[in-house]
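Please consult the sequence and the structure below while reading.

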Amino acid sequence: MMSVSLITKNVLLGIGGGIAAYKSADLVRRLKERGFDVRVVMSQSAMEFITPLTLQALSGHPVSSSLLDPAAEAAMGHIELARWADLVIIAPATANLLARINAGMADELITTTCLATEAPIALCPAMNQQMYRNLATQANLASLQSRGYTLWGPASGSQACGEVGPGRMLEPLEIAELASRFFATKDVYAEQESQPLAGQSVLITAGPTREAIDPVRYISNHSSGKMGFALAKAAADMGAAVTLVAGPVNLATPEGVTRIDVESAQNMLDAVMDNVDKKDIFIGCAAVADYRVNDIAACKIKKSAEEMQLALVRNPDILATVASLANRPFVVGFAAETHDVETYARDKLKRKNLNMIAANDVSVAGQGFNADANALRVFWPQGSQDLPATDKLTLARQLLSLIVKEKTK
Ligand code: PMT
C-alpha cells in the first residue's frame, strides 16, 4: 500500500446513480484505511442503490445529497464542501452524470460541487459497454479531460448487465491506490518544486516504424505514438530535457521537447545511437517492427502472380542495443502482449537486461494501441506495480514517478 503524507488529505467522494454505487461503501473504507478524511455527496438516484446511513457510518460524517436541505447547508454547504476537498473522486461516474458535469450544470449537489471546487477531480466511469463506447460519452470524456479532469478507468470485463466490454468501474482498492499515488506524486512534486526530473536528460522512442516494401508500400503497426508523446510531455513537465525519436505519427510535439522524426527501425536505431550519449533515462515506447523486407523493390511492384512472397530479415533491437552500452542510461522497455503478460514481460526484462519494463495487455478493448487510455503492469528486478487504466498522460506521470523512485534507490 502506498503511504500518504502525514498531513491528512480531504477526499470528497461523489456517488452517482449506477449499480456500481454498491461498491462505494468499500471505497470509503479503503480510503479511510489510507488515512484520508472522507466526506460523501450522493445523487438522488445513488440513494436507490445504497443508503446514506451506511456511508455516514463508514466515513464518520453526515452524507450530503441535496442542494436544498437547510440543515445540511447550515452544517457544511456545497461551497464549503468544494473548498474543503483536496481531491474530488466521482465514483461511479455514470454516463448521465458525466454529460451533466461536462455541460457545466448545477442541477444537484455533485455537479454543483464540481463547478465550485478548485480541487482536482478524478472521474471513475461506470456504465454499460455500449453506452461507454457511444460517441456522445466519448466526446464528453474527451472534453472533460481537455479541461483537466482525470480519468481513472474504466476497466474492461463482464458487466452487471450481462455484457462484456469496457465500462466497469475500477475496484475500490485500485481507486484508493490511485488516490494515494495522486497525493504521493503531488508531494514529490511539491518537495522538488514540481521538477523531480530537473537536471535529468531523457530519451524516448514513440510511435510505429515503417518498413518499406517498394516506393509506395510498407509494413507497419497500429501504434499512434500517444503513449510515447504523453511520456515526453510528462517528463518535460517534470523538468527533464527530453529528446523524442518519433516514428510516423500525427501528433503535435509537446512544448519544450526536441523531436527527431524517423521512418524505419534502422532510422530509429541511428537516431537513438546519435543521441543516447550522456542520457540519464532511456524509454523505448515505440512499436518497432521486428522484421524488414530483405530486398526493397526500387520500383512499384506490379501485380502479376496470384501469390507473392516477401523475404523478411530481423531488425536490430534498439532497446537491447542501448542496454548493452558500457555507459548506459536507466533503461525502461515496454512490452505489448496479448496473453501471459507477466511471463513475457519478465522474460524481456531479463533477456534485454533492462532496469524496468512496462507491460500493456493490448488485447483489452479501449486500451493500448491507438487508444486514449491504457493500463500498465510495471516490473523491475526487485518488484512490480500495477498502474490501473487511466488516460495516457496520467499513466505517463505515474510511470515516471516510479522510474524516479527506482532510479534513485
Ligand atoms: O503508440 P500508442 O498507440 O499510444 O500505443 C502504445 C503502445 C501499445 C505502442 C505502447 O504502450 C507499447 O506497448 N510499446 C511497445 C510496443 C512493442 O513493440 O512491444 P514489444 O513487446 O514488441 O517490444 C518490446 C520492447 O522492445 C519495446 O520497448 C520496443 O520498443 C523494443 N523493441 C522491439 C523491437 C525492436 N526491434 N527494437 C526495440 O527496441
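The model is predicted. Within it, Thr94 is placed in the loop that joins β3 (87-93) to α5 (95-102). A search for disulfides across the whole structure returns zero.

**Thr94**
- Thr94 has a relative accessible area of 13%, and because the cut-off for buried is under 20%, Thr94 counts as buried.

**Cys114 and Cys124**
- A disulfide is a covalent bond between the sulfur atoms of two cysteines.
- For Cys114, the closest cysteine sulfur is that of Cys124, at 12 Å, which is too far for a bond.
- Likewise, the closest cysteine sulfur to that of Cys124 belongs to Cys114, 12 Å away and too far for a bond.
- Cys114 is buried, at 6% relative accessibility.
- Cys124 is buried as well, with a relative accessible area of 0%.

**Cys161**
- The unreviewed UniProt entry lists Cys161 under "active site".
- Cys161 is located in the loop between β6 (155-158) and β7 (164-168).
- With a relative accessibility of 47%, Cys161 is classed as partly exposed.

Conventions. Residues are numbered from 1 along each chain as its sequence is written. This is a predicted model: local features need pLDDT of at least 70, side-chain atom pairs count only at pLDDT 80 or more; totals for chains, interfaces and linings use all residues. Side-chain values use heavy atoms; hydrogens and water are left out. Helices (H or I, at least four residues) and strands (E, at least two) are DSSP runs, numbered from the N terminus. Buried means under 20% relative accessible area, exposed over 50%, partly exposed in between (1.4 Å probe, protein chains only). A disulfide is a pair of cysteine sulfur atoms within 2.5 Å. UniProt positions are given in the numbering used here, feature names are shortened, and annotations may be inferred rather than shown by experiment.
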